[in-house]
Each structure stands twice: as structure tokens, then as C-alpha cells.
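User: I would like to go through the open spaces in this protein, and then some of its side chains. Could you take the questions as they come?

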Amino acid sequence: MPNNLEPHLSPVEILSLRPTQMTVGLREVETKRRQWAAIQSEKGAEFLGHHMVPVVVGYKQRLYLVDHHHLALALHNEGVKHVLTSIVADLSHLGKEEFWSVMDHRNFVYPFDADGVRRPTADLPKQIVDLEDDPFRSLAGAVRDAGGFAKIEAPFSEFLWADFLRRRVGKKELRHSFEDAVAEALVLARSHDARHLPGWCGADR
């Protein structure tokens, strides 16, 4: 994400944040839920204070979430109502069509569905609870956590990996054994075929 313009110190309702993607990996959401449950009683307030979610101010002054969709959904599912936000761009002066054009060109939006098909921005969900599950996004997250590729700041980079894996790992295999799919995906992630992807950790030939 770009450098923050300013923190929004007033708590914002999670359900008022507009998603800029269509899917999440629900396995990753569940992992974040468990992580939150383990710290919320002792370090919850400190965690929320240090994990402001980045937003773009859009037309009608709506706040568009441009990262941390998994975290926001996990917190909501754990009963958290509000988060702090950090404004990375104010595009509220733009009309609707120009707003989405700028969002697209600045990589602030990723309107691809669970099959990796680009959809109109009008099809984006209005709330994070409407995000669709993409099991390949969960697979990409697991591969990243296992060291298959490096986590970097490029927007939606894990979705690029998810799309790469979607074309190479079978859906049936993914449903049958997630662990086996991760093992296969780790090999693919380090292959030369993945060298164009952000955070690639394979060896140059």
C-alpha cells in the first residue's frame, strides 16, 4: 500500500467499509480469528491500535478498504464492531466512473471472482460479510506462510499467486487434501514458471 496520508483516529464501523475485492480465503480468515481469540483479552486493544486498516475515501465520502480484508472479516466474525483506519488516498472529489477508473489504474481494486474472472466493479460486495470464498486464495496464503514466496507490499499480490495456482492445482485435489495441495503448490511456487510473480523465491537458472 502507498504511504498513509493520515490516520483516522475515530473508530469506524467494520460493516461500513466497502470492499475492493470480491473474495477472501476463508481458511486464512479462520486462522486470523484464532490468532485474535488468543490475544484479545490481554493485548486486543494494543493490537487494534497498531493495525489500522488502509482505506480510500471515495465518492459520497464512502470508505473503501484497500487491504486487510481477511483481518477485518475475522475481527467482525469475532464480534469486533469498529477498527481504526488510515487514509491512503482521498478521491472523494471524483465522480463514480472516474473514481473507479483511478482506483483501477492505481491498483486499489481487484474485481475478480472466485474463478479468477474479472467482473464489473458494480458487482463488488457492499460489505465484507458478502465476500465470497476462494479456496485458491487460502492455498496461496498457506504457501506464503510456508515460505513458498515472500510477503511484499504490492497490492493484491496473493491473488496473483492464487490465480497462478488455480491453473495448476486441481479443485478436487484441493478439496480432498489441503495439506497435499500445499505441498504441490510449494514446488510450483519455487519453479521457474512462477518467476514473474511478486515475492518469487525460486532459483534463477
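User: What classes of residue make up the lining of the second largest pocket?
Analyst: This is a predicted model. In it, the lining of the second largest pocket consists of 2 nonpolar, 4 polar and 6 charged residues.

User: Which residues line the second largest pocket?
Analyst: The lining residues are Arg27, Glu28, Thr31, Lys32, Arg34, Gln35, Ser138, Gly141, Ala142, Arg144, Asp145 and Phe178. Two elements, H1 and H4, each give two or more residues to this lining.

User: Which element gives the most to the lining of the second largest pocket, and what is the volume of that pocket?
Analyst: H1 gives the most, with 6 residues. The volume of the second largest pocket is about 200 Å³.

User: And what is the volume of the largest pocket?
Analyst: The largest pocket has a volume of about 730 Å³. Its lining comprises 33 residues, and those nearest the centre of the pocket are Lys32, Asp67, His68, Leu71 and Lys151.

User: Which elements give two or more residues to the lining of the largest pocket?
Analyst: They are helix H1 (26-50), strand S4 (53-57), helix H2 (69-77), helix H4 (135-145) and H5. The largest share, 7 residues, is from H1. By class, the lining of the largest pocket holds 15 nonpolar, 10 polar and 8 charged residues.

User: Why does histidine 68 count as partly exposed?
Analyst: Histidine 68 counts as partly exposed because its relative accessible area is 34%, which falls between the 20% limit for buried and the 50% limit for exposed.

User: What about phenylalanine 156: what is its phi, and is it buried or exposed?
Analyst: Phenylalanine 156 has a phi near 60°, again a positive value in a residue other than glycine. Phenylalanine 156 lies in the loop between H4 and H5. This residue is buried, with a relative accessible area of 10%.

User: Which residues line the largest cavity?
Analyst: Thr23, Tyr110, Phe112, Asp113, Gly116, Asp134, Phe159, Asp163 and Arg166 line the largest cavity. Helix H5 (residues 157-166) supplies the largest share of this lining, 3 residues. The lining of the largest cavity divides into 3 nonpolar, 2 polar and 4 charged residues.

User: On to the aromatics. How many aromatic pairs are in the whole structure?
Analyst: The search finds 12 aromatic pairs. In one of them, the rings of tryptophan 36 and phenylalanine 47 have centres 5.9 Å apart and planes at 55°, so this pair is tilted. Tryptophan 36 is buried, at a relative accessible area of 6%.

User: And phenylalanine 149 with tryptophan 161: why is that pair stacked?
Analyst: The pair is stacked because the ring planes lie at 5°, with the centres 4.2 Å apart. Phenylalanine 149 is in the loop between H4 and H5 and tryptophan 161 in helix H5, so the pair ties together parts 12 residues apart in sequence. Phenylalanine 149 is buried, with a relative accessible area of 3%, and tryptophan 161 is buried as well, at 0%.

User: Which residues form an aromatic cluster?
Analyst: Tyr59, Tyr64, Phe99 and Trp100 form one aromatic cluster.

Notes
Residues are numbered from 1 along each chain as its sequence is written. This is a predicted model: local features need pLDDT of at least 70, side-chain atom pairs count only at pLDDT 80 or more; totals for chains, interfaces and linings use all residues. Side-chain values use heavy atoms; hydrogens and water are left out. On a 1 Å grid over the protein atoms alone, a cavity is a set of points where a 1.4 Å probe fits but cannot get out, and a pocket is an open set with protein on both sides within 12 Å along at least five of seven lines; lining residues have an atom within 4 Å of a point. Helices (H or I, at least four residues) and strands (E, at least two) are DSSP runs, numbered from the N terminus. Ala, Val, Leu, Ile, Met, Phe, Trp, Tyr, Cys and Pro count as nonpolar, Asp, Glu, Lys and Arg as charged, and the others, Gly among them, as polar. Grid points are joined across faces, edges and corners, and a volume is the space filled by probe spheres set on the points. Rings of Phe, Tyr and Trp (its six-membered ring) pair if their centres lie within 6.5 Å; planes under 30 degrees apart count as stacked, over 60 as edge-to-face and the rest as tilted. Buried means under 20% relative accessible area, exposed over 50%, partly exposed in between (1.4 Å probe, protein chains only).
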